[in-house]
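I opened a new page for this structure and wrote down what I looked up, entry by entry.

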Amino acid sequence: MKIAILSNGNANYSTKRLVEEAEKRGHTVKVIKYKNCYISVDGKASKVIYKGKPVDHFDAVIPRISNSMTFYGTAILRQFETQGYYCLTGSLAISRVRDKLRAAQIMSRSDVATPRTLISRNTGDIDVLIDEIGLPCIIKLARGTHGNGVVLAESRRTAKSALQAFYLTNEDGVNILVQEFIAESAGVDIRAFVVGSQVVASMKRQSLDDEFRSNLHKGGQGTTIKLTPEEEKVAVKAAKSMGLHVAGVDLMRSNRGPLVLEVNASPGFGIEKVTGRNVALKMIEYVERNAHRTGRKDRIGA
């Protein structure tokens, strides 16, 4: 097969791992820096241009779109979809999951258990929101990643200060999520790496010191953990609700069962180092099994 990986470049760890595993299995791989692509819109001749040449003749496209490049990255991906290429992750799924507000609504509709969440755009609502959700509470920006834009508010004063800070740095206003604080799981969460209908790796992330966010990007420590059947079921259900074939699902253990905190469309591969599981291989195997089903009829090597 000929596989294109949309990435920020070969130096990215997850990209390197995908290239390694794909080439081991005899595939030809090209890494495409999607931020350096442009789209030629010309009716049925529309195409993606990279380094002055049309990007063509691939059996599969694996997107690794960063959060900061969601809008442009998904535009490039949509062009590949329009041309009939098999894409491991769809542009709609990426856009959907990057909007925490929309993701929360979808998971609620799909009966995926999450912490209770209130959504607002008005700083004047904070007292009403706190009365509704209780203290302490978590305040999040509707768009954010790696634990950025997330504050633990233990008092009304802290909550108001956080909101004021968010609004001061966003003149056009922002959508805010106010979420219940799960005390029994503070500083600990679980990352489940889902491929297809299976959890192929899982790890517990423990925050250091008094940091309530457990993200590895925030210095959290990861250890291998075995999920319960219920946790595996919830992780797969959350990924499917977002339309993702590959996802990093962040779970929290609560007194009322597993709760989904977030779903990531381009999960990092740090979980390989923690668990020893080869998630890159699982992704390539999934592409091998599924690319022929929806890919172009004139694929090279089909």
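**Entry 1: the whole protein.** I note that I am working from a predicted model. I counted secondary structure and got 9 helices and 15 strands. The protein has 302 residues, and 51% of them count as buried. I then took the contacts between residues at least 6 apart in sequence, and 67% of these join residues at least 24 apart.

**Entry 2: Ser7.** I looked up Ser7 and found it in strand β1, which covers residues 2–7. Is Ser7 buried or exposed? Its relative accessible area is 1%, and the cut-off for buried is under 20%, so Ser7 counts as buried. Its side chain makes a polar contact with the side chain of Thr15, at 2.6 Å. A polar atom of the Ser7 side chain also lies 3.1 Å from the backbone nitrogen of Gly9. I set aside the neighbours within four places in sequence and listed the contacts of Ser7 that remain: Asn12, Thr15, Val31, Ile32, Lys33, Tyr34 and Arg64.

**Entry 3: backbone points.** I looked up the peptide bond from Leu135 to Pro136, and it is cis, with omega near -5°. Pro136 belongs to the loop between α5 (126–133) and β8 (137–141).

I next looked up positive phi values. Lys51 has a phi of about 55°, although it is not a glycine. The loop between β4 (47–50) and β5 (53–54) holds Lys51. With a relative accessible area of 67%, Lys51 is exposed.

His57 is not a glycine either, and its phi is positive at about 65°. I placed His57 in the loop between β5 and β6. Its relative accessibility is 40%, and I logged His57 as partly exposed.

**Entry 4: cavities.** How many cavities of 30 Å³ or more does a search of the whole structure find? I noted 4. I looked into the second largest cavity, which has a volume of about 140 Å³. Its lining is made of 15 residues, and those nearest its centre are Lys100, Ala104, Met107, Leu261 and Glu262. The elements that give two or more residues to this lining are α4, β10 (176–180) and β15. I sorted the lining of the second largest cavity by class and got 9 nonpolar, 3 polar and 3 charged residues.

Entry 5: I looked up the second largest pocket, with a volume of about 160 Å³.

Key
Residues are numbered from 1 along each chain as its sequence is written. This is a predicted model: local features need pLDDT of at least 70, side-chain atom pairs count only at pLDDT 80 or more; totals for chains, interfaces and linings use all residues. Side-chain values use heavy atoms; hydrogens and water are left out. Helices (H or I, at least four residues) and strands (E, at least two) are DSSP runs, numbered from the N terminus. Buried means under 20% relative accessible area, exposed over 50%, partly exposed in between (1.4 Å probe, protein chains only). A polar contact is a pair of N or O atoms within 3.5 Å; within protein, one must be able to donate a hydrogen and the other to accept it, and residues adjacent in sequence count only if both atoms are side-chain atoms. Contact means heavy atoms within 4.5 Å. On a 1 Å grid over the protein atoms alone, a cavity is a set of points where a 1.4 Å probe fits but cannot get out, and a pocket is an open set with protein on both sides within 12 Å along at least five of seven lines; lining residues have an atom within 4 Å of a point. Grid points are joined across faces, edges and corners, and a volume is the space filled by probe spheres set on the points. Ala, Val, Leu, Ile, Met, Phe, Trp, Tyr, Cys and Pro count as nonpolar, Asp, Glu, Lys and Arg as charged, and the others, Gly among them, as polar.
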